Protein chains: 2
Amino acid sequence: MQPIADDLFKALADPTRRAIFEWIAREGEQTVHSLTARAGVSQPAVSKHLAILKSSKLVSDRRVGRETHYSAQPQALVPLVDWMSHYGVFWQDRFDRLEDLLKKMDPND
Amino acid sequence: MQPIADDLFKALADPTRRAIFEWIAREGEQTVHSLTARAGVSQPAVSKHLAILKSSKLVSDRRVGRETHYSAQPQALVPLVDWMSHYGVFWQDRFDRLEDLLKKMDPND
DNA sequence: CAAACCCATAACCGGTAGGTTATGGATTGG
DNA sequence: CCAATCCATAACCTACCGGTTATGGGTTTG
């Protein structure tokens, strides 16, 4: 098995960090300021989480004047999918759900 | 979003622990002894990792005399799949691979 | 241009996580 | 039945992680 990026698992293991990623992913580009507003931790803490997310490619940043805007990069999750795909059971258990997803994606449906 | 079991992410975040899980998953039931032989850490360390894997349902144990046999429970990964399914990009990017997997699973193929 | 704002970094701190050795209970084998 | 084996737990240590406050550089605004 190819050695999956350990940093990816580690980056997602912290709940605060995962929450930050989820907000950005679901609501689009966010500034550090807006993230700090609801993170429940200080601004430096948020910045550090963002740095870790960035180092594992889960987010990218864009400077706009004095603000830094962060966007989600969910493609960075692909190694996780690959890793899980080695444990076949998961397909069996979620086959129904999988079919639904495929139908929704199929333009000829 | 339902609060995904934090313990699951944490359990998988450690590389030694993940390796142990992978061995059991790929090669079937294993004793603590055999796992210790290649884990690169002491037997108590392995036992602790197994306890953590067990507490997040990733493995189950079965006592046989003085031995304890551990088996993988990959269904415990399902919450991870669910979590990732919220970040749609992943399906688009891996669609080809997904198709391959489905073909391999199809008994009429 | 001075003040306020946004953010990253530095320095520090406490808790926890992963490792170790020591130990002991249960089981097997000679 | 005594010794050896398998494993879990306890006790301990260290390193790292996630948090804090302090600070300062860059940017906008009044």
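The answer below begins with the chain as a whole, then takes up the strands, the residues beside them and the surface near the DNA.

A: This is a predicted model, in which local features need pLDDT of at least 70 and side-chain atom pairs count only at pLDDT 80 or more, while totals for chains, interfaces and linings use all residues. Residues are numbered from 1 along each chain as its sequence is written, and chains are lettered from A and ligands numbered from 1 in the order in which they are written.

Chain A contains seven helices and three strands (DSSP runs numbered from the N terminus: H or I with at least four residues for helices, E with at least two for strands). Along the sequence their pattern is α-α-β-α-α-β-β-α-α-α. Of its 109 residues, 22% are buried (20 or more other C-beta atoms within 10 Å of the residue's own; 12 or fewer is exposed, in between is partly exposed; C-beta atoms are placed from the backbone). When contacts in chain A between residues at least 6 apart in sequence are considered, 52% of them join residues at least 24 apart (a contact has C-beta atoms, placed from the backbone, within 7 Å).

In chain A, β3(A) pairs with β1, residues 30–31, in the antiparallel sense over two bridges (strands pair if DSSP finds at least two bridges between them). Within this pairing, Gln30(A) faces Tyr70(A) of β3(A). Strand β2, residues 59–64 of chain A, is joined to β3(A) by six bridges, and these two also run antiparallel. Ser60(A) stands opposite Ser71(A), and Arg63(A) has Thr68(A) as its bridge partner. β2(A) and β3(A) make a hairpin with two residues between them, and Gly65(A) in the turn has a positive phi of about 60 degrees.

In chain B, three strands form an open sheet with the order β1-β3-β2 and antiparallel pairing. Its edge strands are β1 (30–31) and β2 (59–64) of chain B, each pairing on one side only. Two bridges link β1(B) and β3(B) in the antiparallel sense; Thr31(B) has His69(B) of β3(B) as its bridge partner.

What follows the hairpin in chain A? Gln73(A) lies in the loop between β3 and α5 (78–85) of chain A. Gln73(A) counts as partly exposed because it has 19 C-beta neighbours inside 10 Å. Setting aside neighbours within four places in sequence, Gln73(A) is in contact with Lys57(A), Leu58(A), Val59(A) and Ser60(A). Ile24(A) is 49 residues away from Gln73(A) along the chain, and their C-alpha atoms are separated by 9.4 Å.

In chain B, Leu58(B) sits in the loop between α4 and β2. Leu58(B) is buried because 27 other C-beta atoms lie within 10 Å. Again leaving aside neighbours within four places, the contacts of Leu58(B) are Ala11(B), Phe21(B), Leu53(B), Ala72(B), Gln73(B) and Ala76(B). Ser42(B) is 16 residues from Leu58(B) in sequence, and 21 Å separates the two, C-alpha to C-alpha.

The largest nonpolar core has 41 residues, and those with the most contacts inside it are Phe21(A), Val59(A), Phe21(B) and Val59(B) (such a core is a set of buried Ala, Val, Leu, Ile, Met, Phe, Trp, Tyr and Cys residues joined through C-beta atoms within 7 Å). Beyond neighbours within four places in sequence, Phe21(A) is in contact with Leu53(A), Leu58(A), Val59(A) and Ala72(A).

For the surface near strand C, α3 (32–39), α4 (43–55) and β3 (67–72) of chain A and α4 (43–55) of chain B each supply at least two residues. The largest share, six residues, is from α4(A).

DNA strand D also has 22 residues around it, with Ser42(A), Pro44(A), Gly65(A), His33(B) and Pro44(B) coming nearest. Among these is Gly65(A), the residue with the positive phi in the turn of the hairpin. At least two residues of the surface near strand D come from each of α4 of chain A and α3 (32–39), α4 and β3 (67–72) of chain B; α4(B) gives the most, six residues.

Conventions:
A residue is near a molecule or strand if its C-beta atom, placed from the backbone, lies within 6 Å of it. Two residues are in contact if their C-beta atoms, placed from the backbone, lie within 7 Å.
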